[in-house]
Amino acid sequence: MTNLLQSRLNVRKRTLTVCVLICLILILDACASEQYPEDHEQLSEEERLVIRFSHVVGEETPKGLAARRFAELIKERTGGYVEVQVFSNSYLYKDGEEIDALLQGDVQIIAPAISKLSELVPEWQVLDLPFAFDQVEEVFDYVQGPVGQELFARLEAKGIKTLAVWDNGFKHITNSQRPIQAPEDMAGLRFRIMPSEVLYQQFRQIGAEAENYAFNEVFQLLEHEHIDGQENTLSNIISRNLHYLQNYITISNHGYLGYLVLINRAFWEGLPEEVQDVILTTLEEVTEWQHQVAKEMNEQNLQEIEACQCIQITYLDEEDRELWRQHLQPVYQYYEDKYGKQYVVSLPRFKNADQ
Ligand code: SIN
């Protein structure tokens, strides 16, 4: 009898242990799927974590491709729990709207050209200074150094966190009127610029007119001859077919065009830590890839321009560049007087001269 009782007790104990184990497994499983629920196709938009990413260029550009790759990887790595919805071509917000939309939380990520941050943190216009950098790597070193950190902190203070710096290489000058070799050739021509006082000064300094227009307006402005020309990277020129509207291009590499991938800070701080981690690690990987794509695409686009026989090309040699540098020197003084010397003296062009 005692043995029978004992054995029943043992059976009950074992059953209880098995039940406890099953419960534990179920709880752990529930926790894991709470982090990234598995069957994302079943999740409604309310259950998914949706991040809207807006930008103003085409999908087949270095920025457009990287935004899409980022969205795909995030979907894959979170089992679809985090969904990055990419809106390209100014579909959601155009220039002049997207920063406000980010600050108001209407969109969570944007990646504007750095020149477009000038109203919010005008010090960033240091990157617009003409002939400030010869290589893209110099720009990355500059923004990673102490001055760059200060610039990022200024954005942070405005409620915006920078997640990454994306590249699009150097700008060139196109126009409909004449070949541009020397700064004097620019006299009287009307150019579209991004919203930056430094870019305005750059054109005014050499006798040209400059007016700020949104990127999505450039094609029509050129088509209707409201402006004579514009400055941009080859990938932006080609992706918008601007080379077919313009008669002349100068491969000037005179100014840098890069992007900051920005997220609304309050939104970022409200994200679970594991989502922040997956965003940061994925962006790190995508950024490395994006830099390579920007380099390759701009090289490939130069070959395309050279082969198209649709536009007359002028190249600047080192002597020409030196002449442009001298003519544009007052723009540096303009920047220094307004925003301080410390941002300028750290530019490679001056730092290297000191060494
Ligand atoms: C961009 O590359 O995002 C647009 C640049 C421009 O406005 O010219």
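**Exercise 1. Find which domains supply at least three residues each to the shell around the ligand.**

Solution. Domain 1 (43-126 + 134-168 + 258-299) and domain 2 (172-256 + 304-354) each give at least three residues to the shell around the ligand. The domain bounds come from an automatic or database domain assignment. This is a predicted model: local features need pLDDT of at least 70, side-chain atom pairs count only at pLDDT 80 or more, and totals for chains, interfaces and linings use all residues. Residues are numbered from 1 along each chain as its sequence is written, and side-chain values use heavy atoms, with hydrogens and water left out.

**Exercise 2. List the residues around the ligand and sort them by class.**

Solution. The list is Val56, Val57, Lys63, Lys116, Arg192, Met194, Phe215, Asn232, Asn236, Leu257 and Tyr259.
Step two: sort them. Six are nonpolar, two polar and three charged. Here Ala, Val, Leu, Ile, Met, Phe, Trp, Tyr, Cys and Pro count as nonpolar, Asp, Glu, Lys and Arg as charged, and the others, Gly among them, as polar.

**Exercise 3. Locate the disulfide.**

Solution. Search for cysteine sulfur pairs within 2.5 Å. The whole structure holds one. Cys308 is joined to Cys310, S to S 2.0 Å. The angle about the S-S bond is -80°, and the link is left-handed.

Technical notes. Near = heavy atom within 4 Å.
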